[in-house]
Amino acid sequence: MSHFLNTARPKPVSSVMLIFSLVSVSILAAVIFTSSEGYYAFAQTEIQRTTELKVKFDVLVERGNDQNIRVKVNDVGSGDPVSGATVTITIYFPGGAPIRQFTLLSDNDGKASLKLPIDENAALGEYGIDLDVVALGYYDSFLPNQVFFAVMSDVDEDVSLEDYKDTSQTIS
């Protein structure tokens, strides 16, 4: 029994190594834990904000002319423009079939614009516009309802196209 006690007792050098190992592992675990906490704290403090969309377009367009769609993206809280937002504009034929989808980026002023040529032989009627905006750190924004513009062959003399310019809609 006395022999067992002699072998089970750690020698001074072994004790120092054991203590050093435990302290080193504790420090390493504390560093990893602190780094993890710092990373997670950063991720949790990211706040999603909302955007305000202003859309301007011509309500009435003659065949052979251009439809100009202008979008402005602002931060709702600060009113500042949101640059680098992805603006997706989808155009629909009269009757609802999608024609084409365009993807634009907002500039430093939060603006994106599309010049859409209307062909001389374009179908007459009411065309639809859908708009989606995605920006890093913001909730996605979209027009809740499709907006429309009409393509006309001719406009009577007593109706000026200027009366129908720049219809706008603001979405928050």
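A salt bridge is a side-chain nitrogen of Lys or Arg that lies within 4 Å of a carboxyl oxygen of Asp or Glu. The structure discussed here is a predicted model, and by this rule the count comes to 2 salt bridges.

**The two salt bridges**

The side chains of Lys115 and Asp66 meet in one of these salt bridges, with a nitrogen-to-oxygen distance of 3.5 Å. This pair links distant parts of the chain, since Lys115 belongs to strand S6 (residues 111-117) while Asp66 belongs to strand S3, and the two are 49 residues apart. Lys115 is exposed, because its relative accessible area is 57%, whereas Asp66, with a relative accessible area of 29%, counts as partly exposed.

Another salt bridge is formed by the side chains of Arg49 and Asp75, for which the distance from N to O is 3.8 Å. Arg49 sits in the loop between helix H2 (12-45) and S1, and Asp75 sits in strand S3 (residues 66-75), so the pair ties together parts that are 26 residues apart in sequence. Here Arg49 is partly exposed, with a relative accessible area of 39%, but Asp75 is buried, with a relative accessible area of 8%.

The table sets out the two pairs.

| Pair | Distance, N to O |
|---|---|
| Lys115 and Asp66 | 3.5 Å |
| Arg49 and Asp75 | 3.8 Å |

**Thr51 in strand S1**

Strand S1 covers residues 51-57, and Thr51 lies within it. With a relative accessibility of 2%, Thr51 counts as buried, because buried means under 20% relative accessible area. The side chain of Thr51 is joined to the side chain of Ser141 by a polar contact of 2.3 Å.

**Leu104 in strand S5**

Leu104 is part of strand S5, which runs through residues 98-105. Is Leu104 buried or exposed? Its relative accessibility is 19%, and since the cut-off for buried is under 20%, Leu104 counts as buried.

Which residues surround Leu104, once its neighbours within four places in sequence are left aside? Leu104 is then in contact with Ala85, Thr86, Val87 and Ile89, and also with Ala112, Ser113 and Leu114. A separate distance, taken from C-alpha to C-alpha, places Leu104 and Thr88 6.4 Å apart in space, although these two residues are 16 residues apart in sequence.

Key
Residues numbered from 1 in each chain as written. Predicted model: local features only at pLDDT ≥ 70, side-chain atom pairs only at ≥ 80, totals over all residues. Heavy atoms only, no water. Helix = DSSP H or I, 4+ residues; strand = E, 2+ residues; numbered from the N terminus. Buried < 20%, exposed > 50% of the residue type's maximum accessible area, 1.4 Å probe, protein only. Contact = heavy atoms within 4.5 Å. Polar contact = N/O pair within 3.5 Å; in protein donor to acceptor, adjacent residues only side chain to side chain.
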